[in-house]
Amino acid sequence: MTLEQLRVFVAVAERQHLTRAAETLHLTPSAASASIRTLEARYGVRFFHRVGRGIELTETGRLFLGEAQAILARAQAAELVFSDLGGLRRGSVAVHASQTIASYWLPPVLVRFRQRHPALTVRLSVGNTQTVAEAVAEGIADLGFIEGDIDEPRLARHVIAHDRLIVVVRPSHPWAALESIAPAMFASGPWVMREQGSGTRSAFETALARRAIAPDMLKVTLELPSNEAILAAVQSAPVAGALSELVTRPHLEAGRLVALPFEMPPRDYAVLRHKERYQTRASQALEEMLTE
């Protein structure tokens, strides 16, 4: 049974006239008649009485008419949904982002996206670089936003922005007034760090290794799961921390933190999507906006 066969049956049944139904469907009467005969033969039923040159619905035809009309209505509704989705009049995007991006960089982007496409819904979940990559790989997220790089062959990665890490301490810290920092000093002082798996932790350890400083030399007294927790710890105790310039800027300008003279290379912000999973028009629209 095909939708086209149902359309022919309904058109003939509603008009009780083969020729007029065929004209409505832009078919020849013989093609319309053949479609109905095929459907009747397939299921061993009779939908119409042929009375002289006219036709009338049988009891089977009357019972089937309501079902056929309902099926066609659902099919039309489905076509409208696909049309809405394709035209960005309906739909949603599941976005997962690492903490720094989700809290400081992504919100204005999502506001602009919703202003451009008010009928679309964005569902944002926050994690770290590792958990975001896993969500995209497993199909939980349509798009992922991470700091730095990943080793995941199933995912496509495109750089969308840049950031830089800064080592910060509170103004009363012994390192705050120094004009230079020797690697040996880094090993002597206590640190608070983001958890393993975070983009901030990974980028900082990579920068240390490039300066011949082994990350395991650092005395990490505490691992904390958020930028805000690191900020609070650094401002309240004689410890050092490494955070995004986006995160630290207002605190540096207010004099609550001091940036140490330890230059680190810029790091990438990137968007992830699965290479093989179907990409919805809504997620395509968000990704395209990022490249403008």
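Visitor: Where's the place of Ala102?
Guide: In helix H5. H5 runs over 99-116. Helices here are DSSP runs of H or I with at least four residues, strands are E runs of at least two, and both are numbered from the N terminus.

Visitor: Before we go on, what kind of model is this?
Guide: This is a predicted model, where local features need pLDDT of at least 70 and side-chain atom pairs count only at pLDDT 80 or more, while totals for chains, interfaces and linings use all residues. Residues are numbered from 1 along each chain as its sequence is written, and side-chain values use heavy atoms, with hydrogens and water left out.

Visitor: Back to Ala102. Buried or exposed?
Guide: Ala102 counts as buried because its relative accessibility is 8%. Buried means under 20% relative accessible area, exposed means over 50%, and partly exposed is in between, with a 1.4 Å probe and protein chains only.

Visitor: What does Ala102 touch, beyond residues up to four places away in sequence?
Guide: Ala97, Pro107 and Val126. A contact means heavy atoms within 4.5 Å.

Visitor: And how far is Ala102 from Ile55 in space?
Guide: 66 Å, C-alpha to C-alpha. The two are 47 residues apart in sequence.

Visitor: What box do the C-alpha atoms of the protein fill?
Guide: Roughly 105 × 35 × 30 Å, taken along the principal axes.

Visitor: What's the radius of gyration?
Guide: The protein has 32 Å. A compact globule of 292 residues would have one near 19 Å. The radius is taken over C-alpha atoms, and the globule rule is 2.2 Å times the number of residues to the power 0.38.

Visitor: How many helices and strands?
Guide: 11 helices and 11 strands.

Visitor: Which share of the residues is buried?
Guide: 43% of the 292 residues.

Visitor: What share of the contacts with a separation of 6 or more is between residues 24 or more positions apart?
Guide: 74%.

Visitor: Why does Val168 count as buried?
Guide: Because its relative accessibility is 0%. Leaving out residues up to four places away in sequence, Val168 touches Val234, Val239, Ala240, Gly241, Thr248, Leu252, Leu257, Val258 and Ala259.

Visitor: Switching to polar groups. What joins the side chains of Glu147 and Thr200?
Guide: A polar contact of 3.2 Å. That term means a pair of N or O atoms within 3.5 Å; within protein, one must be able to donate a hydrogen and the other to accept it, and residues adjacent in sequence count only if both atoms are side-chain atoms.

Visitor: What else is in contact with Glu147, past its neighbours within four places?
Guide: The list includes Ser98, Gln99, Thr100, Arg267, Asp268 and Tyr269. For Thr200, contacts include Thr100, Leu165, Arg194, Asn227 and Arg267.

Visitor: Is helix H11 mostly covered or mostly uncovered?
Guide: H11, residues 281-290, is mostly covered: seven of its 10 residues are buried. Among them are Ala282, Leu286, Glu287 and Met289.

Visitor: What covers the buried residues of H11?
Guide: The cover includes strand S3 (92-98), H5, S5, S6 and strand S11 (266-274).

Visitor: Last one, charges. How many positive and negative side chains?
Guide: 32 positive and 31 negative, and the centres of the two sets lie 6 Å apart. Lys and Arg count as positive, Asp and Glu as negative; His and the chain ends are not counted. Each charge is placed at NZ of Lys, CZ of Arg, CG of Asp or CD of Glu.
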